[in-house]
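Have the model open while you read.

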Amino acid sequence: MDKFILNVIHRPELVPEYIDTSAQEGQTEEVSKKEVVSESLDIFRLQQNIAHQNGLRTTIQMTYSSLFNDECIEMAKQYHQEFGDEIGHTFLGLNCKEFRDKYHSKELAMWLFPMDLKQKIVVDSFELFKDVFGFYPTSTGSYFLDAELINFIKEKYPMIKTAIATCFEEGPKIFRHTNSSWYTLMDGSPWTAWIPSKKNTHAIAENEDDDIGIVALPHLSRDLLAIMDNAGDMFGTHPQNIIRGLIYEDDRLPYMYNLVDQYQVMKKFNKGFSYNLAYVGPGWMGKGGRWEAPYRILKKSYEDFIAYYGHLKSEGKIQDMTMTEFADWFRGNQPRSGPLVGLWKDLLYGTKNQAFWYADSKFRVQIDLKQGGAITDLRPYASKLTRPCGAGTKANQDASYPYIVHSRYRAGAFTHYAGEGAIKSCKVRHGAEEVDVSACRTTGAYDEGEGCRILNIRPVEIEFANLTIKLATTYTFKENTGEILISRKFIESSDPNAKIEIDEFLASCWGTTEYPEDLTGCVLSVIEKDGSRNELSYEYRCREYAADNIQSVEAVIPHVQTKVSLIPQSPKCGGYYEEGYSFAPNLKLGVVKTIGLNEELVTCLKVEQAK
Amino acid sequence: MSQGRAGKINYRCPNCLFRDIDFDLLYDKEENQYYCRRCNWEGMEEEILFQYAAYKRKYKDMLKRYTVEDILAKDEE
Ligand SMILES: [Zn+2]
């Protein structure tokens, strides 16, 4: 396969979320002002023209307010007729006079209404759409849609085939970036198209029974490395977001082309398929400019960006589809449960840094090659957590899928206390000396095997006082099993008789933000070779246990219904658990083995649903 | 002291920018000065532009073009 598919989406938003900079001066209760509407339609028309001039078809996402605007409805019909654009639907842009009169609410986020209102709005706006166009939409979207709402939509409106269901890694980082005022707290989803589980939108479906019935799309295609430590709203297929990040000089933004080209490279890791979604809301192209950037640059950046896609199309390197066409194509050509894979290289900071991403129905894993190939973010999709969001739910605004490792939110390799924060790494010991492999910068190479995806990490050199060694690491992801085989091989040594000790460890906790969550009641176990089990219920008492010859070590984190285990595949390995304490709120598991030159330790990291 | 207003250009606070917060500056006509309502930054337009330029320095490859071939070549490095 050789397929790079593009969705260009435009929405006529008659009261754009961003356009109204005068809001700060208290002039805007009258949000339906004529100029705003006409400017918004002008922007929509401009965006549509830019796409069509470059030979690209679009999906027009009709907002609630646009369904009351005759001019807009007429435009959509004409675009559909003349260019074959899809007339789709969105829950963005809900807020308008008609909406407020009917619902008496200023809420703007579809996923945050109470469930009864969500359902009412779905029926109301889909029926309104049908009245206007004579048919129901087959695509919809929001910044986030929880599984409970998608299930409702599918039951009532089974013709819906696809939705923009989340914004990739819009979570605490973006919340901070927006002065803690933009409540898109939804970390933890895949970065490209996927089929969600019926239980949780973020998690990839296990099988046909678990298939929620839509193809989910992430709002924008983002830079998989830059977003790890930065707000994603500066690093995506959205030129004005790039301008927001000040990644430009006058009207030059080569980074936006680099981003698209790196998404072309992603075909290499996904059996020839890659995907881009371009989706710029009208508020980003207002005549009044956006922050420091004048209209001239906002407009030109969009023209240049779309022209590049047009150029790729003319060279046969990209195929434009509407959202529904893409959903049909995806259903026919991509496996339901992934995997989705990305090996992303830095194209912005001038480093050799790389990040590896892997997702299937069991987990989403981020590996930071700069940290020796440590796992720095792990979301246990296997647990298929029921976690509805919005008013009246426990999570309310916090729509993220919880992590069980997050090295940036939860300290990782560097802490102010003895020991590490959340990270999956390995320590190498020689005599009294110890080196954490996460201190060794490296890069990776991708490979595939039968039913598995492989990340080969370039060997790292480790220097002890009287010994220099090289250690090679390989991750083998056994597709849709929840298992990763991690091999650590001792491949070079300044002393051929030297022995080193490998400590393959996982420091874990759970949460959705930077702040600690309760670990009380987690169960840590060491299971010895003879089957005996030493078990502990977490109480922050800093207890630990180790054994010389083990079957496995495991932790059950009931708060996220997840069991995580380290299972040595090599003979005669030791193992341990460490409980942690309130100033070091993690749990730790490890597998330990002493090896000589050309020997290896292979450990299986397994993530399962805990009943 | 007079009322702060949005300036002719809606600059973000450079100090807040450096700590990953987008926060609009206000402009004080009387003093010909921008200031931040969140932090203690205040200054002239030139200082804003100077700090924006400093902010951009972290993007060492900001103006560099990497094609598909360039990115694939990175795999072989
Ligand atoms: Zn400030």
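1. Start with the interface: 34 residues of chain B are in contact with 37 residues of chain A, contact meaning heavy atoms within 4.5 Å. The area buried between chain B and chain A is about 3400 Å², with carbon and sulfur atoms giving 50% of that; buried area here is the accessible area (1.4 Å probe) that two parts lose on being put together, summed over both.

2. Before going further, bear in mind that this is a predicted model: local features need pLDDT of at least 70, side-chain atom pairs count only at pLDDT 80 or more, and totals for chains, interfaces and linings use all residues. Residues are numbered from 1 along each chain as its sequence is written, chains are lettered from A and ligands numbered from 1 in the order in which they are written, and side-chain values use heavy atoms, leaving out hydrogens and water.

3. What does the rule find across the interface of chain B and chain A in the way of salt bridges? It finds four, a salt bridge being a side-chain nitrogen of Lys or Arg within 4 Å of a carboxyl oxygen of Asp or Glu. On the side of chain B that touches chain A, α2 and α3 of chain B each supply at least two residues (helices are DSSP runs of H or I, at least four residues; strands are runs of E, at least two; both are numbered from the N terminus). The most comes from α3(B), with six residues.

4. One pair to click on is Asp261(A) with Arg65(B), a salt bridge at 2.8 Å, N to O. It runs from helix α8 (residues 254–265) of chain A to the loop between α2 (45–56) and α3 (68–76) of chain B. Asp261(A) is buried, at 1% relative accessible area, while Arg65(B) is partly exposed at 30%. The cut-offs are under 20% for buried, over 50% for exposed and partly exposed in between (1.4 Å probe, protein chains only).

5. Within chain A, Lys300(A) and Asp304(A) form a salt bridge, closest N and O atoms 2.8 Å apart. Both sit in helix α9 (residues 295–314), four residues apart, about one turn of the helix. Lys300(A) is partly exposed, at 30%.

6. Then look at Arg533(A) and Glu554(A), a salt bridge at 3.2 Å between the closest N and O atoms. Arg533(A) is in strand β22 (residues 533–537) and Glu554(A) in strand β24 (residues 550–557), so the pair ties together parts that are 21 residues apart in sequence. Arg533(A) is partly exposed at 46%, whereas Glu554(A) is buried at 9%.
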